[in-house]
Amino acid sequence: MSTIDPVKTMAEPWDAGSPASSRILAQRALTAIVPSDSIAGRSLTAVVAILTFLAALTAGVVTMMVGSASDWQSEVGREVTIQVRPVSGHDIQADVNAAIAVAQNTPGVAAVRAYTKQESEALVEPWLGSGLALNELPIPRMIVVKLASGMTPDFAAMRVALAAKVPSASLDDHRGWIGRMRAMAETAVAVGVAILALVVVVTVLSVTFATRGAMATNRPIIEVLHYVGATDSFIAAQFQRHFLFLGFKGGAIGGAAAIALFGVLGAMNAWVSGTPAGEEAAALFGSLSLGITGYIAIFVLIVLMAVVTAFASRRTVNQTLENID
Amino acid sequence: MIRFENVGLRYGVGPEVLRDLSFRIEGHSFQFLTGPSGAGKSSLLRMLFLSLKPTRGLISMFDSDIATLSKDDRATLRRRIGIVFQDFRLLDHLTTYENVALPFRVLGKDEASYRAEVVELLQWVGLGERMSALPPVLSGGEKQRAAIARAVIARPELLLADEPTGNVDPNLGQRLLRLFIELNKSGTSVVIATHDIALMDEYDARRLVLHEGRLHVYD
């Protein structure tokens, strides 16, 4: 076995140093341990942005729907009507005035307005057509009674008073159809919330899998950090911080895009307001304004995306380290 | 420094790939670990590097029974060991300087506290002009030297090298061997896993020979 003397072979071509290179090096900032700009990272950001956009759209529509249903219910619930039927030999205008007086004397009533004869005839025109001599028809007269906010009048007493003073009058508190409409609105809201919940669950699962996919390309980094003596918590923190940023960035892009879309729709809604199409849209979707609840919901989604990506990356790091050991 | 007593290793429910290994690695020592392909050299290196647990027996490292160590304790112990992989395992997005400085970085040290040391070592291994280069543009020999520099930068007490000359020409292999000898002279215990007989003939050192799962020691 031949041997070599290391002392005599110390001089190697690589022994020549370069002070200049160290000066150049001193001016550079250290590269992040986890690559900040990778194909997998950009893909994950795009996936998170698209999913957040879809989830934010769903959240926005659901919050608008909840707001519209609530506004509509309170609006309709604050109103009752008195119907005064014409009776031969009776002056219907006198009956209307008497009914108005009864309504005005009832505690909890804010305002009373009787439909004029012309307005009442206009109400039946869609069914009977125009150009008829409506004067000869016994068309009932409507009185709209607005209720004071926060007070519920004694409708039973009001009915008794009306029966005593205006026998041809009847009070309709809309309770029956308000109940049905309320049930319908609540069902629609429940369906909307259920869809939102499903969208959020699907989004969370998709982001989790996308994060794991992006993490797969980082296994060599985890291994090297492990082999150079990094603790598990140090490695997990590196990836968690990086993916928290990626998730927040993707979520913010998707959330901002959804808010911008709602802004455009709101502007379009304002532009067509007053037109028949605008009225139809308003009837269907309400004001098309996102409202503070919608903004909060979208912000929560953005934070959720960031937390999910960070958590998924940490979990993947821990699983990888378990496999290495 | 390191003591193996009746250590055995099997993967899953398969047969034992390493059987009844009993040996010591003393401080400041130099040894080759050799044997035919598939003899278990890499498995033994992984056990020495605490990334593989034995299925039986006792391993004591730096006066600690490794079976009783927590994960963080193992990470702390691993910092006293440097390892050079056959495939280098350099991170492609970090410069040569950053790769070599990684052991300091994971300790949370400020760059100013280790910059001079890293630069000095890189110059010593002949990479002074390649500090800002990324691994994909380094030659095989340069990658190997960068990997060795990363393994020794934190002054480990034990250096493990897995086929360090496997990817380089014989001339560079001899130069790398001299580098390991120099490191050993400066106080680091060295274990070089290789099946390169010519390389082992270059330096008279202790040989640990694995054959059919058993270890034969030739002092």
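Modeller: Two strands pair if DSSP finds at least two bridges between them. Strands (E, at least two residues) and helices (H or I, at least four) are DSSP runs, numbered from the N terminus. This is a predicted model, in which local features need pLDDT of at least 70, side-chain atom pairs count only at pLDDT 80 or more, and totals for chains, interfaces and linings use all residues. Residues are numbered from 1 along each chain as its sequence is written, while chains are lettered from A and ligands numbered from 1 in the order in which they are written.

Colleague: What makes β1 and β4 of chain A a pair?

Modeller: Strand β1 (residues 79-84) and β4(A) share four bridges in the antiparallel sense. The rule asks for at least two, so they count as paired. One place to look is A:T81, whose bridge partner in β4(A) is A:D172.

Colleague: Which strands sit beside which in the sheet?

Modeller: The open sheet of chain A has four strands in the order β2-β3-β1-β4, with antiparallel pairing.

Colleague: Why are β2 and β4 of chain A called edge strands?

Modeller: Because β2 (109-114) and β4 (169-172) each pair on one side only. On average, neighbouring strands of the sheet are turned by 20° against each other, direction ignored.

Colleague: What makes you say that helix α5 of chain A packs on the sheet?

Modeller: Helix α5 (residues 155-165) touches β1 and β4 of chain A. A contact means C-beta atoms, placed from the backbone, within 7 Å. The direction of α5 makes about 165° with that of β4(A); such angles run from 0 to 180 degrees between N-to-C directions, with axes fitted to C-alpha atoms, for helices over the stretch in contact.

Colleague: How many residues of chain A count as buried?

Modeller: Of its 325 residues, 29% do. Buried means 20 or more other C-beta atoms within 10 Å of the residue's own, exposed means 12 or fewer, and partly exposed lies in between.

Colleague: Which residues have the most contacts inside the largest nonpolar core?

Modeller: They are B:L122, B:A149, B:L160 and B:F180, in a core of 112 residues. A nonpolar core is a set of buried Ala, Val, Leu, Ile, Met, Phe, Trp, Tyr and Cys residues joined through C-beta atoms within 7 Å. Helix α2 (residues 39-77) of chain A gives this core its largest share, twelve residues.

Colleague: What does B:L122 touch, leaving aside its neighbours within four places in sequence?

Modeller: Its contacts include B:T96, B:Y97, B:V100, B:M131 and B:A149. A second, separate core has 16 residues, among them A:V84 and A:A161.

Methods
Contact = placed C-beta atoms within 7 Å.
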